Amino acid sequence: MYRFLASPRWLGYAALTVAAAAVMVLLGFWQLDRYHQRAAVNARISAGTTATPVALTELVGKPTGAPGSVGPAPAGDTEWTRVRVTGRFDRSQEILVRGRTVEGRVGFEVITPLVLADGTAVLVDRGWVAPAAGGALAAPQVPAAPDGEVTVLGRLRPAESRGGAPQEVNGRSEIRRITPSAIAPALPYAIFDAYVTSDQPAAGLTAVAPEKENALQNAGYVLQWWLFALLTFYGFVYLARKEAHGPTTGDLLDEEEEEHEAEEHHAAPR
């Protein structure tokens, strides 16, 4: 009954079905991997709320090159880990990051290098500040970084991609994205290839809170792709059974009705 499955036509159908289902299964596994990655990020964000901060140098290698260079990048699974680092803020090298949104408002994030005892530095995102009343070109009112030695507690963030060198805008230094490797050449010391968002911004600054990722969306995509794979096999089996058992009673009745209408059409007087 099913000998027709060995025909070239049906073997082609089978190969196409298997290939399509395999692609869908692989896409499901890819979404499953994305789900685990996002779930891990969310777990680190949640754990950082109560976890004891770890020393920055335990997670990120110190820069050892000449001034204007960066150190090694942190491991991917360290993002949003709560860290601590001690040093002195260099207010002369402060940078504003434009076009940053907090609580639905677009403003600036304030990046100030924190110089460690060994002469290297890490970029600290001290918080978000609203734009000045004069518009985007007007300088915002930025609270000054504290003098003396301070210990910063915050979240570790990796370098953002596609960042550029700081640009001078109305007497202040600005960037669009926080990329230490692009910022380092403008600084008089080597810096870490990561930055820290402060948990304790000064008065007048708003903390840049971590945002959890939508891991459940990826879980839904996993089920969707694997369901599509099952439906592909179901469709092949359905067509094969239909081919094996021939037309159904409904199909025969439809054919008879069509033949009857054709006969009436030819028999009608012209």
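Two strands pair if DSSP finds at least two bridges between them. That rule opens this report on a predicted model.

**Strand 9 and its partners**

Begin with strand 9 (191-198). Which strands pair with it, and in what sense? Strand 5 (121-129) is joined to strand 9 by four bridges, and the two run parallel. Strand 6 (149-158) takes the antiparallel sense with strand 9, over five bridges.

Single residues show these pairings. Leu123 stands opposite Tyr195 of strand 9. Gly154 has Ser198 of strand 9 as its bridge partner.

Is strand 9 mostly covered or mostly open? Strand 9 is mostly covered. Eight of its eight residues are buried. Buried here means under 20% relative accessible area.

Now turn to the pockets. The table sets out two of them.

| Pocket | Volume | Lining residues by class |
|---|---|---|
| Largest | about 360 Å³ | seven nonpolar, three polar, seven charged |

Take the largest pocket, with its volume of about 360 Å³. It is lined by 17 residues. Which of them are closest to its centre? They are Thr101, Glu109, Val208, Ala209 and Glu211. Two elements give two or more residues to this lining: strand 3 and strand 9. Strand 3 gives the most, with four residues. The lining has seven nonpolar and seven charged residues, and three polar ones.

Strand 6 gives the most, with four residues.

Strand 9 pairs with strand 6, and strand 9 gives two or more residues to the lining of the largest pocket.

**Two loop residues with positive phi**

Next come two residues in loops. Glu103 has a phi near 55°. That value is positive, and Glu103 is not a glycine. Where does Glu103 sit? Its place is the loop between strand 3 (95-102) and strand 4 (105-115). Glu103 is exposed because its relative accessibility is 75%, and the cut-off for exposed is over 50%.

Arg162 has a positive phi of about 60°, and it is not a glycine either. Arg162 lies in the loop between strand 6 (149-158) and strand 7 (167-169). Is Arg162 buried or exposed? The relative accessible area of Arg162 is 73%, so Arg162 is exposed.

The last stop is an arginine in a helix. Arg38 lies in helix 1, which covers residues 8-48. Its relative accessible area is 19%, so Arg38 counts as buried. The limit for buried is under 20%.

What does Arg38 touch, leaving out residues up to four places away in sequence? Its contacts are Glu213, Asn214, Ala215, Gln217 and Asn218.

Arg38 is buried at 19%, whereas Arg162 is exposed at 73%. Arg38 is in helix 1, and Arg162 is in a loop.

Methods
Residues are numbered from 1 along each chain as its sequence is written. This is a predicted model: local features need pLDDT of at least 70, side-chain atom pairs count only at pLDDT 80 or more; totals for chains, interfaces and linings use all residues. Side-chain values use heavy atoms; hydrogens and water are left out. Buried means under 20% relative accessible area, exposed over 50%, partly exposed in between (1.4 Å probe, protein chains only). On a 1 Å grid over the protein atoms alone, a cavity is a set of points where a 1.4 Å probe fits but cannot get out, and a pocket is an open set with protein on both sides within 12 Å along at least five of seven lines; lining residues have an atom within 4 Å of a point. Grid points are joined across faces, edges and corners, and a volume is the space filled by probe spheres set on the points. Ala, Val, Leu, Ile, Met, Phe, Trp, Tyr, Cys and Pro count as nonpolar, Asp, Glu, Lys and Arg as charged, and the others, Gly among them, as polar. Contact means heavy atoms within 4.5 Å.
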